[in-house]
Number of protein chains: 2
Amino acid sequence: MTHVAHARFYAPGLQPEPGRLVVLSPDEAAHLAQVLRLRAGDAVRVFDGAGVEFAATIETAGRTAVSVRLIDQIPARPEPRVRLTLAQAVLKGEAFDQVVRDATMAGVRAIRPVLTSLSTPRAGAGTPIRRLERWRRVAIASAKQCGRATLPAIDEPIDLGAWFARDHSDVRLILAEPASAAAVPGSLAALRDHPAPPSASLLVGPEGGWTGEETATALGRGVVPLTLGSLTLRADAAAVVAVSALFTAWDAW
Amino acid sequence: MTHVAHARFYAPGLQPEPGRLVVLSPDEAAHLAQVLRLRAGDAVRVFDGAGVEFAATIETAGRTAVSVRLIDQIPARPEPRVRLTLAQAVLKGEAFDQVVRDATMAGVRAIRPVLTSLSTPRAGAGTPIRRLERWRRVAIASAKQCGRATLPAIDEPIDLGAWFARDHSDVRLILAEPASAAAVPGSLAALRDHPAPPSASLLVGPEGGWTGEETATALGRGVVPLTLGSLTLRADAAAVVAVSALFTAWDAW
């Protein structure tokens, strides 16, 4: 059945009280007033990125300032039952944007950009900050579109070694290409036979794949190899395929 | 472990006999000689799109004609154990190309473009043929990249009603938006508890979703609703997420 969805806007830190007036950020105000051309009195929704969603009414929709009045809190769409961190090797060009968009849609709770031997994170001064800001904007846009009230955390890229030290998920997995030496056929079926962990993390490599040293280091630290089928997944699509498989294997959607 | 993959080329109808000389199509010849700049004597692989793959050596690599000599047949990468047909509503612009690329990578056996009430398949004279040719080229490129030796069949778009009459898969599913009236939470978990069928088909809707009438018609014909989680999937990404989930639920990768 088709349904007309209300436009949704991101309002971090909103006070969850009916009747409150919330001023939107310039980005969100522009989306509301200039792109969607909504007006005072129109019904919208706002969410805070931390699981709170409200029905609201536009109070003012000026060229530079938009405010909305909170009406009633609405149950946010449920998050997947496994808190999944995607540790994704930095990719070239816009491929990482696509991963952020799809992983946000699929319900990942955190995205940790990882620098690997075969990543090519060349960037001039100042660029890393702009890149991180862009990724966060991509996640916001995706959350708005897919009805999600929770945003994944996204950090600055860190080295793979540093990531091993910082990640404390209950289960840690590394996506191993079916054509690589680390491939483990049947690894997904094995996961299906275990109860879903409260939290998990998944390492997904760059275009050139993991080096033998990186894979060996991961396995030495107890990271479990995961192989999906026999086909080579494109770097920009591997994460969403794997996240979908994991949530299905764990019945965690 | 990183690995250097041989470049792969599509050679439909090749005679699977070592020593045979195979002349590549103009598209494949251009990719080999002009894009990858391979030369006579270089090792490559060729596949016929029907599951046959050969190691081969370039015999001649001219500007307009390329031939390769078959050496040994190589085991093709295994296909998923469920023959899955993706019946995808036609999408706008390049979104359908993306679906074809990802579905080929994920191991779908056939892609049936479907015209629905909310599809917008406006096309001038001659365009439908060019569109079908483009989809088939996208599938070839994806199969080359992901190591697949089998190409999905892709047909001209047909009406949803005609599709119901033509599809005879053992299990037929329709992806139902979590925010729609047809949504069935837990439907994926139910699938996991049944043995994998030999064949299945999956209906995925257009940007505007299925109409209530279309959904009712499908359910009336025994098509089973499938809902993945609580988030709304983008039309261009829904298929690959659902295919990954189905192959995982059926342990069919």
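These exercises walk through a predicted model with chains A and B.

**Exercise 1. Describe how chain B meets chain A.**

Step 1. Start with the residues on each side. On chain B, 43 residues are in contact with 44 residues of chain A. Contact here means C-beta atoms within 7 Å.

Step 2. Find the elements involved. Those of chain B that give two or more residues to this side are helix 2 (95-106), helix 3 (127-146), helix 5 (187-192), helix 6 (212-220) and helix 7 (238-249).

Step 3. Pick out the main contributor. Helix 7 of chain B gives the most, with seven residues.

Step 4. Sort the side of chain B that touches chain A by class. It has 22 nonpolar, 16 polar and five charged residues.

**Exercise 2. Locate the domains of chain A and describe where they touch.**

Step 1. Read the bounds. The domain assignment gives domain 1 (8-74) and domain 2 (83-249) of chain A.

Step 2. Take the separation. The C-alpha centres of domain 1 and domain 2 of chain A lie 32 Å apart.

Step 3. Look at the contacts. Eight residues of domain 1 of chain A are in contact with five residues of domain 2 of chain A.

Step 4. Sort the domain 1 side by class. Where domain 1 of chain A touches domain 2 of chain A, there are four nonpolar, two polar and two charged residues.

**Exercise 3. Trace the five-stranded sheet of chain B.**

Step 1. Write the order. The strands run 1-3-4-5-2 in an open sheet of chain B, and the pairing is mixed. Strands of a sheet pair through backbone hydrogen bonds, either parallel or antiparallel.

Step 2. Strand 1 (8-10) and strand 2 (21-23) of chain B each pair on one side only.

Step 3. From one strand to the next it averages 40°.

Step 4. Zoom in on one pair. Strand 2 and strand 5 (residues 66-74) of chain B run antiparallel, joined by three bridges. B:Val22 stands opposite B:Val68 in strand 5 of chain B.

**Exercise 4. Explore the largest nonpolar core.**

Step 1. Recall the background. In soluble globular proteins, nonpolar side chains tend to be buried together.

Step 2. Name the leading element. Helix 7 (residues 235-249) of chain A gives the most to this core, with 12 residues.

Step 3. Follow one member. Leaving aside neighbours within four places in sequence, A:Ala242 is in contact with A:Leu175, A:Leu202, A:Val204, A:Leu226 and A:Leu228.

Technical notes:
Residues are numbered from 1 along each chain as its sequence is written. Chains are lettered from A and ligands numbered from 1 in the order in which they are written. This is a predicted model: local features need pLDDT of at least 70, side-chain atom pairs count only at pLDDT 80 or more; totals for chains, interfaces and linings use all residues. Two residues are in contact if their C-beta atoms, placed from the backbone, lie within 7 Å. Helices (H or I, at least four residues) and strands (E, at least two) are DSSP runs, numbered from the N terminus. Ala, Val, Leu, Ile, Met, Phe, Trp, Tyr, Cys and Pro count as nonpolar, Asp, Glu, Lys and Arg as charged, and the others, Gly among them, as polar. Domain bounds come from an automatic or database domain assignment. Two strands pair if DSSP finds at least two bridges between them. Axes are lines fitted to C-alpha atoms, for helices over the stretch in contact, and angles run from 0 to 180 degrees between N-to-C directions. A nonpolar core is a set of buried Ala, Val, Leu, Ile, Met, Phe, Trp, Tyr and Cys residues joined through C-beta atoms within 7 Å. A residue is buried if 20 or more other C-beta atoms lie within 10 Å of its own, exposed if 12 or fewer, and partly exposed in between; C-beta atoms are placed from the backbone.
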